[in-house]
Amino acid sequence: MSTSNRILKKEQPTAFSKQEKTPFLRLPFLLFLLTWCVWGKAQEPDTLPTLSLPEAFREGTPAFRALLPTDSVLQTEEFKFCGKPVDISPTDRQRKLKKEIVTILPSIKVWIERAQYYFPIIESILKSQQVPEDFKYLMVIESGMNPHARSYMGALGLWQFMPATAREYGLNIDRGRDERTDIRKSTIAACKYIKTAYAKFSDWIAVAQSYNIGQARIETELHKQDVESIDLKLVKETERYIYRILAVKMLFTKPNGLGFDVDRIQYKKIRRR
């Protein structure tokens, strides 16, 4: 092969050589594009996440509708527990009370139905034992008026007595019979507890709180904290406890004022044993 032919053949580009050069030509453009995108994004403000509102504050939900009439009821009504006025005007107390109203609202229909049977029995015993009638609402939140309700801790009955406390207040527990499920006997035992606690505290709200967390703890906290019993800083469940009792009373005594149509409830008769 002549020298001129070898030179011409060497200078002719092949398809393979073109493919090798193409990426190197594109690289500066890709780097410029990437730099522009990153710089442009860096100049934009961060997008804040959309916060999910609690149901009670989302318009159109059942919880939101339940709170609409609550404000007027809380602001205009004098509220009492066991015959003693309870100031529910402070914002923090109203917030806690509203929260419990929303929490128990899904259960109130069933509770009102059960109350047709249990309340006359319980009210009669409370009266005979000289215990304020409002403590029937404590029974409601303890067991939902189910005499066979049992907690994972072992509490049983309408008043949710633990075995040791039940025996302390005169209830028999054996294989054949557990008197914690006996409506009359368990209510009398609860009355004994309530009267013992009131003799110690002279404060019905403190009595109710002690039913949840114990008399010793409430006695300690009352001496330690210089606040009203309703404002004691306790474990979360006990702090909510008294407000839940007040919320139940409010829903039972003024259901229509809180937007609950009690007239539409179909009562189911329960045969007394």
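Guide: An axis is a line fitted to C-alpha atoms, for helices over the stretch in contact, and angles run from 0 to 180 degrees between N-to-C directions. Helices are DSSP runs (H or I, at least four residues), numbered from the N terminus. The model is predicted, so to speak of local features takes pLDDT of at least 70 and of side-chain atom pairs 80 or more, while totals for chains, interfaces and linings use all residues. Residues count from 1 along each chain as its sequence is written, and side-chain values use heavy atoms, without hydrogens or water.

Visitor: At what angle do the axes of α9 and α11 cross?

Guide: Take the separation, then the angle. The axes of α9 and α11 come within 9 Å. They cross at roughly 130°.

Visitor: Are α9 and α11 parallel or oblique to each other?

Guide: Angles under 35 degrees count as roughly parallel, over 145 as roughly antiparallel, 65 to 115 as roughly perpendicular and the rest as oblique. The α9 and α11 axes cross at roughly 130°. The pair is therefore oblique.

Visitor: Which residues of α11 make the contact with α9?

Guide: Contact means heavy atoms within 4.5 Å. By class (Ala, Val, Leu, Ile, Met, Phe, Trp, Tyr, Cys and Pro nonpolar; Asp, Glu, Lys and Arg charged; the others, Gly among them, polar), the contact of α9 with α11 has seven nonpolar, three polar and one charged. From α9 come I205, A208, Q209, Y211, N212 and I213. From α11 come E237, T238, Y241, I242 and I245.

Visitor: Which residues in α6 do those in α5 meet?

Guide: The axes of α5 (residues 91–128) and α6 come within 10 Å and cross at roughly 135°. That makes α5 oblique to α6. Their contact holds seven nonpolar, no polar and two charged residues. W111, F119, I122, E123 and L126 in α5 meet, in α6, K136, Y137, M139 and V140.

Visitor: How many charged residues are in the contact of α6 with α11?

Guide: The two axes lie 9 Å apart at an angle of about 110°, which makes α6 roughly perpendicular to α11. Y137, L138, V140, I141 and E142 of α6 face Y241, R244, I245, V248, K249, F252 and T253 of α11 in this contact. Eight of these residues are nonpolar, one is polar, and the charged ones number three.

Visitor: What volume does the largest pocket have?

Guide: On a 1 Å grid over the protein atoms alone, a pocket is an open set of points with protein on both sides within 12 Å along at least five of seven lines; a cavity is a set where a 1.4 Å probe fits but cannot get out; lining residues have an atom within 4 Å of a point. Points join across faces, edges and corners, and volume is the space filled by probe spheres set on them. The largest pocket comes to about 480 Å³.

Visitor: Which residues lie nearest the centre of the largest pocket?

Guide: α6 (136–143), α9 (204–213) and α11 (236–253) each supply at least two lining residues. The lining divides into eleven nonpolar, six polar and four charged. Of its 21 residues, those nearest the centre are E142, A155, Q160, Y211 and N212.

Visitor: Which element gives the largest share of the lining of the largest cavity?

Guide: The structure holds one cavity of 30 Å³ or more, and the largest has a volume of about 40 Å³. K96, Q209, I230, D231, L232, K233, L234, T238, E239 and Y243 line it. Four are nonpolar, two polar and four charged. The largest share, three residues, comes from α11.
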